[in-house]
Amino acid sequence: MRNRQLGVRGEDEAVGYLSARGYLILERNWRCTQGELDVVARDGDDLVFVEVKARSSVKYGHPFEAVTPRKLARLRILTVLWRAAHPDVTGTARIDVISILLPNHNDADAVASPHIEHLRGVFQ
Amino acid sequence: MSLGRARSVALLGLTGIAVDVEADVTTGLPAIRLVGLADRAVNEAIDRVRSAVANSQLAFPAQRLTISLSPAALPKSGSAFDLPIAIACLAATGVVPSAPDDGTIFIGELALDGRLRPTAGILPSVLAARQLGATRVVVPSANAHEARLVSGITVKGVASVREAAQVSGADIDVVDVAPLRHPRERTGDDESSSAAPPLPDLADIIGLDAAIDALIVAAVGGHNIFMVGPPGAGKTMLASRLPGILPPLTEEHALEVATIASLVEGSRREVHLATTPPFQAPHHSLSAAGMVGGGPGIVRPGVATQAHRGVLFLDEAPEFATNVLDSLRQPLESGMLSLQRAAYSVSFPSDFQLVLAANPCPCGQASATNDVTCTCTPVQRLRYLSRLSGPLMDRVDIHLTVPRATTAIRDELTTVTTTAEARDRVLTARHVALARWGGTCNARVPGTQLRGARYKLPRPVTSSIDSALHRGGITLRGYDRALRLAWSLADLDGTTTPTTDHVGRALYLRKGILQ
């Protein structure tokens with residue numbers, strides 16, 4: 001399960017990245033029947049739902065390209081479900097996407113050093 | 001974040017309008033949106049451009065990309081916007097420097113591997129680009145030869161989007177790729193592939209001397225001609241030999257013909273300057289849109305425009321829908337077709353010589369001399385030719401009866417006219433006419449010039465058509481057309497002005513059948 005490991009490593013990197021920028025991590029890998037939220041964090045007054053996309057190369061497209069309009073729509077449903085499950089948490093909801101390119105010695109096309117990109121408020 | 005620009009040309013008919021392509025890259029999830037009244041083919045450009053750029057080892061923005069084609073209210077059609085869209089995207093990502101408008105126009109369709117495909121409409125687009133003040137055009141290398149037919153503008157033929165980017169100032173290496181060519185063209189022997197197939201010769205026709213004479217008169221003056229005869233008499237043979245005896249196209253006319261050919265079939269074959277007049281012989285199931293131009297999106301030229309400066313042959317003319325036949329009235333009078341649509345209007349040049357052929361009746365056997373084999377009722381016969389409307393027939397100068405040939409054997413007594421001989425006679429006569437009227441052939445001379453003081457024929461000479469007009473036998477337009485025909489007959493005989501005999505023969509040719 002190399003992809004699964006890549007995903008977990010990517011989420012670890014993303015959490016480290018967000019914490020370093022003053023985000024308060026509220027929850028990781030929240031699951032319900034509709035799917036999973038990778039990271040839920042607080043950024044000032046904003047309640048941020050983060051989708052993390054990790055890849056080892058851009059051979060099959062940029063990680064951001066994997067976030068299709070359909071996936072985005074599902075993320076939106078999940079945010080509503082998360083808020084219903086946590087009625088005490090307040091704030092303006094925001095959806096962010098983090099793309100992480102990680103070195104991988106099993107992949108010939110892999111990048112040499114980690115590369116993180118962060119898109120804020122992608123749902124429009 | 002950043003903005004890229006490239007210029008191109010949109011075609012409305014043969015008229016070009018400058019189009020600015022802008023690409024704007026902003027932060028957000030990758031998405032591409034194309035605005036500016038693009039039709040299906042233009043919208044699909046997004047997918048071609050993305051693959052072509054990625055397969056050219058150039059970066060395509062993985063962000064929100066908005067592409068705008070302006071003027072936004074002008075409908076845009078076709079695949080020629082692929083290249084300007086790609087260049088605008090590359091300018092937005094900084095691969096191509098965003099220079100201020102340097103007068104370069106980009107035209108061309110992209111293949112997914114990044115090469116450029118031969119594209120339709122290059123010639124009219126380049127002509128328009130020159131008119132719009134552009135100094136340089138970048139076109140697919142398969143169309144470079146065609147684009148160079150336009151003088152006064154620098155033509156750069158490129159094989160790939162990478163080469164186009166480099167031409168626009170990008171600091172990248174160009175990978176040598178084999179340029180995509182037109183399907184039929186073979187590499188190495190340009191001469192043999194561009195040579196037109198030989199035209200059929202007039203010498204193949206036996207026993208139709210009167211018809212051949214009439215055909216030569218038609219060729220001299222550019223007169224429209226209507227042939228009636230039983231099936232198998234040789235009407236189609238005669239018509240197909242007309243382009244061979246017509247004078248070759250001038251360079252100016254050849255460019256007009258090539259421009260139309262470029263628009264219609266520029267993506268399928270290489271466009272050359274041909275000197276043989278075009279010959280169009282559509283099937284009688286033709287629709288009005290097929291005749292005058294039409295189609296979804298931007299109007300495409302019809303058969304009447306493809307026959308511009310050449311011959312439009314309608315075999316079995318009464319079988320055509322009457323509205324299709326009558327749609328020819330405007331081009332027959334003005335040599336132009338103006339088509340109005342809700343969003344725009346287009347004009348196509350449509351100056352052709354009309355050749356109509358018909359059977360005398362539905363069974364085809366009716367004739368003045370031997371009527372016994374015809375099985376049609378008088379009403380059927382009357383109805384058959386009346387499908388050709390009066391106003392249309394009034395625009396036809398020569399009405400010719402083609403009898404069934406009574407011999408298939410050629411002996412010493414039969415005279416044989418070859419295409420070469422006929423063409424010599426036509427060229428000599430046409431030369432005289434062009435010099436007299438200042439560049440127009442007899443059939444196109446304006447009535448005022450024809451009846452003006454300088455070329456007015458004396459009363460005794462025109463007495464036969466004068467009385468025909470007085471009796472109501474011919475219209476005033478018919479009067480002018482008979483006069484033009486008389487001039488053609490005189491030119492062919494080498495006399496300076498038409499004589500009584502020429503005018504009489506002209507009237508006979510005009511009223512040869514429908515008495």
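Two strands pair if DSSP finds at least two bridges between them. In this predicted model, strand S14 (residues 311–314) and strand S17 (residues 353–358) of chain B meet that condition, pairing in the parallel sense over four bridges. A handy place to start looking is Leu312(B), whose bridge partner in S17(B) is Leu354(B). Both strands belong to an open sheet of five strands in chain B, with parallel pairing and the order S11-S14-S17-S10-S18. At its edges are strand S11 (279–280) and strand S18 (398–401) of chain B, each of which pairs on one side only.

Stepping back to the whole chain, chain B is divided into domain 1, covering 2–167, and domain 2, covering 221–409. The C-alpha centres of these two domains of chain B lie 38 Å apart. Their contact draws 20 residues from domain 1 of chain B and 19 residues from domain 2 of chain B. On the domain 1 side, two or more residues each are given by strand S1 (2–12), helix H4 (122–131) and helix H5 (144–147) of chain B. H4(B) supplies the largest share of that side, four residues.

Following H3(B) comes Gly94(B), which has a positive phi, near 90°.

Methods:
Residues are numbered from 1 along each chain as its sequence is written. Chains are lettered from A and ligands numbered from 1 in the order in which they are written. This is a predicted model: local features need pLDDT of at least 70, side-chain atom pairs count only at pLDDT 80 or more; totals for chains, interfaces and linings use all residues. Domain bounds come from an automatic or database domain assignment. Two residues are in contact if their C-beta atoms, placed from the backbone, lie within 7 Å.
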